[in-house]
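Good morning, colleagues. Please look at the model on the screen while I turn to the pairing of charged side chains and then to the core.

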Number of protein chains: 2
Amino acid sequence: MPELKDGQALARVKCLSIDPTMRVWMVMDTYLPAAPIGEVMRAIGFAEIVESRNPDYKKGDRVTGLTGLQDYVVIGESNKRTFQKVPKIPFVSDTVFLGVLGVNGLTAFFGMEIAAPKKGETLVVSAAAGATGSIVGQIGKIHGCRVVGIAGSDDKCAWITKDLGFDAAVNYKHPDWKQKLAAATPNGIDIDFENVGGEIMQEVLNRMNLHGRVVLCGLISGYIKEDPALVSLGNILVRRLRVQGFIIMDYASRFMEAATQLGQWKMFGKLKDRETIVEGLEKAPDAINMLFTGGNTGKLILKI
Amino acid sequence: MPELKDGQALARVKCLSIDPTMRVWMVMDTYLPAAPIGEVMRAIGFAEIVESRNPDYKKGDRVTGLTGLQDYVVIGESNKRTFQKVPKIPFVSDTVFLGVLGVNGLTAFFGMEIAAPKKGETLVVSAAAGATGSIVGQIGKIHGCRVVGIAGSDDKCAWITKDLGFDAAVNYKHPDWKQKLAAATPNGIDIDFENVGGEIMQEVLNRMNLHGRVVLCGLISGYIKEDPALVSLGNILVRRLRVQGFIIMDYASRFMEAATQLGQWKMFGKLKDRETIVEGLEKAPDAINMLFTGGNTGKLILKI
C-alpha cells in the first residue's frame, strides 16, 4: 500500500466497467489520448474508500470514476475530478453505477436526446443486447417508439423482446437477417441508434426514411479491423439524414439531471438490466475480448 | 411542332444545365425516380415561350424548369409546377438562371445555411471549381471564413484563389495534396462542404475540429463506381461531427428569398462565375461525361 500524502485517499476497487471503447484507448489517440504502454490501463470502476487524508472522503465512502484496471487507486489532485461519490441505494446493486446509472445509462439518455424521438416513430438500435443498446431501446419504448433491436444471438433477441419490451429483434447472424429487418420495420426507420457500423449500419441506412436521424454512438465492428466500419453515404445524402457523432464526456455538466431521470425509471421498473460478471482482475483481457465475440449480454462487469 | 391544347404553352429550349445528379437520375431511384428509358432525359433548362394557349404565358416569356434534354418543351398541367418565369436582367446572361441564380446558387445558399459558418472558421469545399463549389466558397468569404478549395487542376486552383478570393486551393491530383491540405488548414477544419466523397472526404474528415459540421451535398466520386464513396465514420464519432444530407428541392418554398440575396451579391460583385459552354443538343452525353473527367470549370451549360 502506498503512503498517502495530505489530500489523498486510498480506495479499494470493487468492480470495473468493461467497455468497447477500451479497445480504442489501447491503440490510438481519439477523444482521449491513447492509454500509455507501461501505465495502469484506463478503466471506469466502482471503489470504496479504505483510508483518507482528505476531508472530502472518509472511510467507507463509495465512489465511481477512472479507477484504472487495478486493485487499489489513490485519489488525489491529479485525478480527483474523474471521481464522484455515490449513495447506497436499497435493493440495488452497486454495479448500477457502472451501467444504468453510469456510462451506459448516460450514453443512452443523451443519445436519445439527440435522436429526439417522436411517438410512433421507428427506432432501430444495434448491439441491442449490450449495456447501452438495451437501455436505448427501453428509453425508446418510454417515448412511444416502435423499437427494433439488432443483436447477435437468438437468446439475446429473446431477452430484449420478452424481458425488455422491444417490439422486434433481428439476429444479424441469420442469413436472412436483412429480410427480417425489413419485415420488422414496415414503415421504414426514423432513428438509427448506431453502435456497430459497417454492414449492419449500411443495411439500416438502406431502410431510413426521409429526414431520419442517425445517432453515432459506436462503431464496434470497426474497432478490431484495419479498415474500420466503412459506409456508403449515398442514402445519407438522398434521404437528407442527419448524422450526429457524440461522446458522453461532452455532457458532464448534465450528468446529475440524467441520473435523476434514469434512477426514477429504474425505480419504477421501466429500465431493466442484466449483467455478465467476470471475476478476477487477471481476467480483464478475456473480458474485453468478450465484447468483440458477443460473449456478454447486458452490462459486462469485472469483479475484483 | 405539337398541336397545343387549351392551357398549354410551347417553349423553345435555349440552354440546359448539365449537372452531376443527372448521372444518378439515369441509373436509380433516389430523391426522384430514375429517368425512364425511352422518355426524354430529365434536365433543367432555360426556355422562351414561342406559342401559348395559356393566359399565364405569352410569346417571349422566359422560363426555367425541367425542360428535359430536347429542343422544345410543352408546358401544361402535368409539368407546369416545375417551371417559373424569370425576368430579363440588364448586363446579365440568361444562363445565370441555371447557375448563380439557379440550382447551384440555391444549393450553395441553403447548404451554407446548414453549415452555419462563424467568422474566422475554416471552410473546406470539394469540387471547388465546380458550379456549386465555386459559389459555396464565395459565400464562405462573405461570412468571414477562411476558405480552402479542393479541385482537380492547377488552373482551377488559380481561378478560385486569384479570381474568386479563396484563401487557398489544393489540387488533389498532386501526390502531396494531403500535406498541402494540412498546410492550408493550420487550425483544422470546422466546415466540410462535401461534393465528392470517398478518399477526398476521408482526408477532410481527418482534419475536422471537434463539433465540426459536414454538409453532404454530393458524392461525385461515387456516382460512376460500383462501391460508391465509402467513408470511415470513426472521426465523425470521436470528433462529434454533425453530418447533414440535403437536397435543394426541400427548400422550394424559400427559393425567392435565396435568389433575392444571391442576386444582390451578384450585383455587387461578390459572386463571380465562369461558364464552360458546349454547343449542340447532340453533345449532351459528352457534356455530362465532362463533369466526371474534370473537363469543366464553373457552370457547365449546353447551348442549343
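Over all chains, the count comes to 40 salt bridges, a salt bridge being a side-chain nitrogen of Lys or Arg within 4 Å of a carboxyl oxygen of Asp or Glu. This is a predicted model, in which local features need pLDDT of at least 70 and side-chain atom pairs count only at pLDDT 80 or more, while totals for chains, interfaces and linings use all residues. Residues are numbered from 1 along each chain as its sequence is written, chains are lettered from A and ligands numbered from 1 in the order in which they are written, and side-chain values use heavy atoms, with hydrogens and water left out.

Consider A:Arg254. Its side chain meets that of A:Glu113 in a salt bridge at 2.7 Å, N to O. A:Glu113 lies in helix 2 (residues 103–115) of chain A and A:Arg254 in the loop between strand 12 (242–245) and helix 8 (255–267), so the pair ties together parts 141 residues apart in sequence; helices (H or I, at least four residues) and strands (E, at least two) are DSSP runs, numbered from the N terminus. A:Arg254 also forms a salt bridge with A:Glu257, at 2.9 Å, N to O.

Finally, the largest nonpolar core has 112 residues: buried Ala, Val, Leu, Ile, Met, Phe, Trp, Tyr and Cys residues joined through side-chain atoms within 4.5 Å. A:Leu233 and B:Leu233 have the most contacts inside it.

Notes. Buried means under 20% relative accessible area, exposed over 50%, partly exposed in between (1.4 Å probe, protein chains only).
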